[in-house]
There are 2 protein chains.
Amino acid sequence: MIKFQAEIDVMPKKEILDPQGKAVTGSMKNLGLAEIQNVRIGKHITLEIEAESEAAATDKVDEACKNLLANLIMESYSFTLRQA
Amino acid sequence: MIKFQAEIDVMPKKEILDPQGKAVTGSMKNLGLAEIQNVRIGKHITLEIEAESEAAATDKVDEACKNLLANLIMESYSFTLRQA
């Protein structure tokens with residue numbers, strides 16, 4: 001078995017309002033950082049996975065994203081794998 | 001002015017317990033994904049910034065992370081910039 005480390009990003013879909021990001025964009029102005037715009041906030045998830053191959057690990061991480069980590073109605077996800 | 005897109009990861013520090021990650025690690029087992037271990041959950045933030053140079057944009061994003069996006073007592077951050 002090979003050990004992999006996955007780095008997953010789960011973000012609100014483009015067409016979905018992100019009220020937390022909107023609020024943070026507004027706060028940037030008060031901090032003197034008005035040149036920062038369009039803040040969007042999602043999740044970053046790291047995990048370790050043991051699998052027989054990178055393809056098998058990819059399938060498992062994909063399954064974890066679809067079934068647990070992301071809400072596919074409102075969020076999209078992407079990830080990278082590297083050998084740990 | 002040049003427009004940049006920043007991708008920021010804010011993660012709980014290694015020595016800090018991550019109860020949300022622990023709970024998700026436990027749920028993996030119930031989903032038939034017991035080969036997934038050590039889930040840690042943080043934030044992924046994207047934003048746009050206008051600056052005169054990449055160095056200036058880096059400074060501003062660093063300031064935003066330190067002052068607003070990350071809690072440096074419990075979290076660490078990293079980011080990449082690319083021209084938008």
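This is a predicted model: local features need pLDDT of at least 70, side-chain atom pairs count only at pLDDT 80 or more; totals for chains, interfaces and linings use all residues.

Biologist: What rotation superposes chain A on chain B?
Modeller: The superposition leaves an RMSD of 0.0 Å, with 0.0 Å of shift along the axis. The two copies are thus related as by a two-fold rotation axis. The rotation is 180°.

Biologist: What percentage of the interface residues of chain A are also interface residues in chain B?
Modeller: The contact takes 30 residues from chain A and 30 residues from chain B. The copies meet through the same surface, because the share of chain A interface residues that are also interface residues in chain B is 100%.

Biologist: How much area is buried between chain A and chain B?
Modeller: Carbon and sulfur atoms give 66% of that area. The total is about 2,600 Å².

Biologist: Which element of chain A gives the most to the side that touches chain B?
Modeller: Across the interface, 12 residue pairs are in polar contact. Strand 1 (2-12), helix 1 (19-30), strand 2 (36-51) and helix 2 (54-69) of chain A each supply at least two residues to that side. With 15 residues, the one that gives the most is strand 2 of chain A.

Biologist: Which residue of chain B forms a salt bridge with Glu35(A)?
Modeller: The count between chain A and chain B is 2 salt bridges. In the one formed by Glu35(A), the closest N and O atoms are 3.6 Å apart. The partner is Lys60(B).

Biologist: How far apart in sequence are the parts that Glu48(A) and Lys3(A) tie together?
Modeller: The side chains of Glu48(A) and Lys3(A) meet in a salt bridge at 3.7 Å, N to O. Glu48(A) lies in strand 2 of chain A and Lys3(A) in strand 1 of chain A. The pair therefore ties together parts separated in sequence by 45 residues.

Biologist: Why are Lys66(A) and Asp62(A) separated by about one helical turn?
Modeller: These two form a salt bridge, with the closest N and O atoms 2.7 Å apart. Lys66(A) is partly exposed at 43% relative accessibility, and Asp62(A) is partly exposed at 24%. The spacing is about one helical turn because, in helix 2 of chain A, they are apart by 4 residues.

Biologist: Is Cys65(A) buried or exposed?
Modeller: The count of disulfides over all chains is 0. Buried means under 20% relative accessible area. Cys65(A) has 0% relative accessibility, so it counts as buried.

Notes. Residues are numbered from 1 along each chain as its sequence is written. Chains are lettered from A and ligands numbered from 1 in the order in which they are written. Side-chain values use heavy atoms; hydrogens and water are left out. Copies are superposed by least squares on the C-alpha atoms of residues with pLDDT of at least 70 in both. Contact means heavy atoms within 4.5 Å. A disulfide is a pair of cysteine sulfur atoms within 2.5 Å. Buried means under 20% relative accessible area, exposed over 50%, partly exposed in between (1.4 Å probe, protein chains only). Buried area is the accessible area (1.4 Å probe) that two parts lose on being put together, summed over both. A salt bridge is a side-chain nitrogen of Lys or Arg within 4 Å of a carboxyl oxygen of Asp or Glu. A polar contact is a pair of N or O atoms within 3.5 Å; within protein, one must be able to donate a hydrogen and the other to accept it, and residues adjacent in sequence count only if both atoms are side-chain atoms.
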